[in-house]
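Morning, everyone. Let me put the structure up, and then I'll walk you through it.

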Amino acid sequence: MIKKQVGIVGCGAISGIYLKNLTYMFKNTYIKAVCDLDKKKAEKAAAEYGIEEVYTLEEMLADDDVAIIVNLTTPKAHYSICKKALEAGKHVYVEKPMCVEFEEGRELVNLAVEKGLMIGAAPDTFLGAGIQTCINMINSGKIGQPASVMAFMMCPGHESWHPDPEFYYEKGGGPMFDMGPYYLTALVNMLGPVESVAGMTGMAFAERTITSKKKFGKKVEVEVPTHINGILKFKNGVIGNIVTSFDVLGHHMPRIEVHGTEGSLSVPDPNAFGGPVLIKTRYINDWEEIPITIPYEENSRGLGISDMAEAISEGRINKANGKIALHVLELMHGFHWAADTGRNYNLTTTF
Ligand SMILES: NC(=O)c1ccc[n+]([C@@H]2O[C@H](COP(=O)([O-])OP(=O)(O)OC[C@H]3O[C@@H](n4cnc5c(N)ncnc54)[C@H](O)[C@@H]3O)[C@@H](O)[C@H]2O)c1
């Protein structure tokens, strides 16, 4: 098998699992080079995984061997690095959110088409065993006709554990742009594209105090809503609710439930790859766990990149693709726009 050569830009908190999986788990990827504004981080990654080159971004883009740029920088840097990569003739896979502004996302997707290149975006968790099992359950009619869906991602924020959590409270951050991609990508892959959304937003704390070790005690001004309630109308008529919040200390809400005319499906954490998947139909008294028979239950981050490498070889479209990511980006903006204007937002994208 010919491995596709990958260059990783951004060697921060999330890079470890990509470095590991693209080196050891997937057989069709090879990390040729790493790059970070903080060269020490790139050098550490290169030393740990025996990576040939520690490059600047320009050096990486000039290396003809590198076919795919994996952009693991913070959201504000996503657009410019993806754009430069596409302009340099590289396929690109970017961590979520695809970028901050919707129009920038549209530009990236169009640029990829124009250049005959692929753009892909996290999350790729929907390709894992858990969500794929749910998709099979829905498509095979196990819960009848889906009618509604509920999704809840609520937590106290990330300043207690992330070493550099400031970006979660800057433009491009907030719980919807941070965690919404997992939930919304799962929802649209299970239920199809969305037609319109409504939204309301709030912010319980105007300032946050970092309690993780490196920056303990540092105050962060909150620039974005930290509690977002969204209502979705899918094209197939399903009605959905999503709540994403950094303002909740604890709760008992499910992550995702899909309710159909014949039963209900309890969907596992869309920020992970495995189960459990549970079903309750009108013919059974209690919830039953569905056995998982599909691969990728473990942490398989990078699966979307391995699929992109395969898609390049096979001349097909990658699964965690830019069109889906753009639809999700538009949804996230749509909730905020609806909250700001008091009107429903009609989606302009589909996939
Ligand atoms: N930390 C997590 O658990 C997690 C989980 C899933 C997804 N993500 C996503 O992954 C991305 C990165 O998050 P993180 O937590 O690793 O952040 P981080 O701040 O720990 O790391 C980002 C790295 O990118 C580098 N960087 C920034 N701009 C750059 C540029 N222009 N050129 C080269 N390097 C640059 C920084 O120096 C830093 O080392 C974000 O989009 C985030 O939403 C993070």
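I'll take the domains, then the sheets, then the core, then the ligand.

Two notes before that. This is a predicted model: local features need pLDDT of at least 70, side-chain atom pairs count only at pLDDT 80 or more, and totals for chains, interfaces and linings use all residues. Residues are numbered from 1 along each chain as its sequence is written.

Domains. The protein is divided into domain 1 (4-121 + 302-320) and domain 2 (126-298). Those bounds come from an automatic or database domain assignment. The C-alpha centres of the two domains lie 25 Å apart. How many residues of domain 1 are in contact with domain 2? It's 12, and they meet 10 residues of domain 2. Contact here means C-beta atoms, placed from the backbone, within 7 Å. On the domain 1 side, H4 and helix H8 (303-314) are the elements that give two or more residues. H8 provides the largest share, 3 residues. By class, that side divides into 6 nonpolar, 2 polar and 4 charged residues. For the classes, Ala, Val, Leu, Ile, Met, Phe, Trp, Tyr, Cys and Pro count as nonpolar, Asp, Glu, Lys and Arg as charged, and the others, Gly among them, as polar.

Now the sheets. Helices (H or I, at least four residues) and strands (E, at least two) are DSSP runs, numbered from the N terminus. Strands pair if DSSP finds at least two bridges between them.

Look at strand E1 (residues 4-9). Of its 6 residues, 5 are buried. Buried means 20 or more other C-beta atoms within 10 Å of the residue's own; exposed means 12 or fewer, partly exposed is in between, and C-beta atoms are placed from the backbone. E1 runs parallel to strand E2 (residues 29-35), over 6 bridges. Isoleucine 8 stands opposite valine 34 of E2. E2 is also joined to E3, in parallel, by 2 bridges. There, valine 34 stands opposite valine 54.

The other sheet is open too, with 9 strands: E16-E15-E14-E13-E7-E12-E11-E8-E17, mixed pairing. Its edge strands are strand E16 (288-290) and strand E17 (345-346). Within this sheet, strand E7 (residues 146-154) and strand E13 (residues 256-260) are antiparallel, with 5 bridges. Alanine 151 has isoleucine 256 of E13 as its bridge partner.

Next, the core. A nonpolar core is a set of buried Ala, Val, Leu, Ile, Met, Phe, Trp, Tyr and Cys residues joined through C-beta atoms within 7 Å. The largest one has 95 residues. Which members touch the most others? Val34, Ile68, Val70, Cys82 and Tyr183. Helix H7 (residues 174-191) gives the most to this core, 11 residues. Both domain 1 and domain 2 supply at least three residues each. Back to valine 34. Beyond its neighbours within four places in sequence, valine 34 contacts Ile8, Cys11, Ala42, Ala45, Ala46, Ile51 and Val54.

Last, the ligand. There are 23 residues around the ligand, and Gly10, Gly12, Ala13, Ile14 and Glu95 come nearest. Near means a C-beta atom, placed from the backbone, within 6 Å. The shell holds 11 nonpolar, 5 polar and 7 charged residues. Helix H4 (residues 75-87) gives the largest share, 3 residues.

That's the tour.

Notes:
Contact = placed C-beta atoms within 7 Å.
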